Amino acid sequence: MSVARVSIQTADFDLSQEVAALRDGDKRVGAVCSFVGTVRDRNDGSTVASMELEHYPGMTEKAIEAMIDEAHRRFDILGARVIHRVGLLQPLDQIMMVAVVSAHRGQSFEACEFLMDYLKTQAPFWKKEQTPEGARWVDARVADDAALARWGISAPNA
């Protein structure tokens with residue numbers, strides 16, 4: 001069974017089910033690395049009541065597919081899966097996941113970190129937090145740009 005590499009969805013996800021589908025009995029897989037991001041209740045010194053995520057359907061999936069293609073070019077991985085939620089989310093909600101499978105752990109760790117750094121700065125999502133001071137848009141941070149730069153990619157956003 002072939003699993004989609006990218007899903008943009010409002011529904012929550014189950015990491016264990018997603019990893020099982022990504023592995024799907026492939027006996028070459030010796031390593032699985034995953035990252036799950038969650039909505040925090042604080043950001044930049046303010047309480048966050050909720051976060052709303054928007055995207056441009058079609059463009060977002062295409063951009064993330066290109067990121068996964070680049071991860072395959074850079075690292076010896078067998079597969080990758082990215083899920084990103086959109087819509088209204090509350091603190092503690094899962095917001096996104098990246099899972100990577102490879103024969104050896106080093107390649108999985110590197111590819112997962114590469115995809116996360118790329119997603120934080122380059123994926124076309126727009127995030128708006130609700131705080132006691134009102135709504136505010138969230139942009140990539142200088143630290144996110146620095147993380148991306150270590151992969152040889154320069155794309156200032158902050």
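A disulfide is here a pair of cysteine sulfur atoms within 2.5 Å, and by this rule the count comes to zero disulfides. The structure is a predicted model, in which local features need pLDDT of at least 70 and side-chain atom pairs count only at pLDDT 80 or more, while totals for chains, interfaces and linings use all residues. Residues are numbered from 1 along each chain as its sequence is written, and side-chain values use heavy atoms, with hydrogens and water left out. The points below cover the cysteines, the nonpolar cores, a surface patch, salt bridges and some loop residues.

**Cysteines**

- The sulfur of Cys112 lies 4.0 Å from the closest cysteine sulfur, that of Cys33, which is too far for a bond.
- Cys112 is buried, because its relative accessibility is 4%; buried means under 20% relative accessible area, exposed over 50%, and partly exposed in between (1.4 Å probe, protein chains only).
- Cys33 is likewise buried, at 9% relative accessibility.

**Nonpolar cores**

- A nonpolar core is a set of buried Ala, Val, Leu, Ile, Met, Phe, Trp, Tyr and Cys residues joined through side-chain atoms within 4.5 Å.
- The largest core has 31 residues, and the members that touch the most others are Ile64, Val98, Val100, Leu115 and Leu119.
- At least two residues of this core come from each of strand E1 (6-9), strand E5 (50-55), helix H2 (59-74), strand E6 (77-85), strand E8 (94-102) and helix H3 (105-122).
- Helices (H or I, at least four residues) and strands (E, at least two) are DSSP runs, numbered from the N terminus.
- H3 gives the most to this core, with six residues.
- Another core, of eight residues, lies apart from the largest one and has Val19, Ile83, Met97 and Ala99 among its members.
- Leaving out residues up to four places away in sequence, Val100 touches Leu22, Ala31, Val32, Cys33, Ile77, Gly79, Ala80, Ser108, Ala111, Cys112 and Leu115; contact means heavy atoms within 4.5 Å.
- Both Cys33 and Cys112 are therefore among the residues that Val100 touches.

**Surface patch**

- Tyr56, Met59, Trp126 and Trp137 make a nonpolar surface patch of about 480 Å².
- Patches are made of residues with over 30% relative accessible area and no salt bridge; like charges are joined within 9 Å, and nonpolar side chains (Val, Leu, Ile, Met, Phe, Trp, Tyr) within 5 Å.
- Accessible areas come from the Shrake-Rupley method with a 1.4 Å probe, and for residues only the protein chains shown count as cover.
- Trp126 sits in strand E9 (residues 125-131) and is partly exposed, at 39% relative accessibility.

**Salt bridges**

- A search of the whole structure finds eight salt bridges, each being a side-chain nitrogen of Lys or Arg within 4 Å of a carboxyl oxygen of Asp or Glu.
- Arg5 forms a salt bridge with Glu65, with the closest N and O atoms 2.5 Å apart.
- Arg5 is in the segment before E1 and Glu65 is in helix H2, so this pair ties together parts that are 60 residues apart in sequence.
- Arg5 is partly exposed, with a relative accessible area of 24%, and Glu65 is partly exposed at 26% relative accessibility.
- A network of salt bridges links Arg5, Glu65 and Asp69.
- Arg28 pairs with Asp26 in a salt bridge, the closest N and O atoms being 2.7 Å apart; Arg28 is exposed at 54% relative accessibility, whereas Asp26 is partly exposed at 25%.
- Glu129 and Arg136 meet through their side chains in a salt bridge (2.9 Å, N to O).
- Glu129 is buried at 3% relative accessibility, while Arg136 is partly exposed at 24%.

**Loop residues**

- Asp24, in the loop between helix H1 (15-23) and strand E2 (31-38), has a phi near 40 degrees, a positive value in a residue other than glycine.
- Asp24 is partly exposed, at 41% relative accessibility.
- Leu92, in the loop between strand E7 (87-89) and E8, has a positive phi near 85 degrees and is also a residue other than glycine.
- Leu92 is exposed, at 75% relative accessibility.
- Val39 is in the loop between E2 and strand E3 (42-43) and is buried, with a relative accessible area of 5%.
- Val39 touches Met51, Leu89, Gln90, Pro91, Leu92, Asp93 and Ile95, not counting residues up to four places away in sequence.
- The C-alpha atoms of Val39 and Gln94 are 6.5 Å apart in space, although the two are 55 residues apart in sequence.
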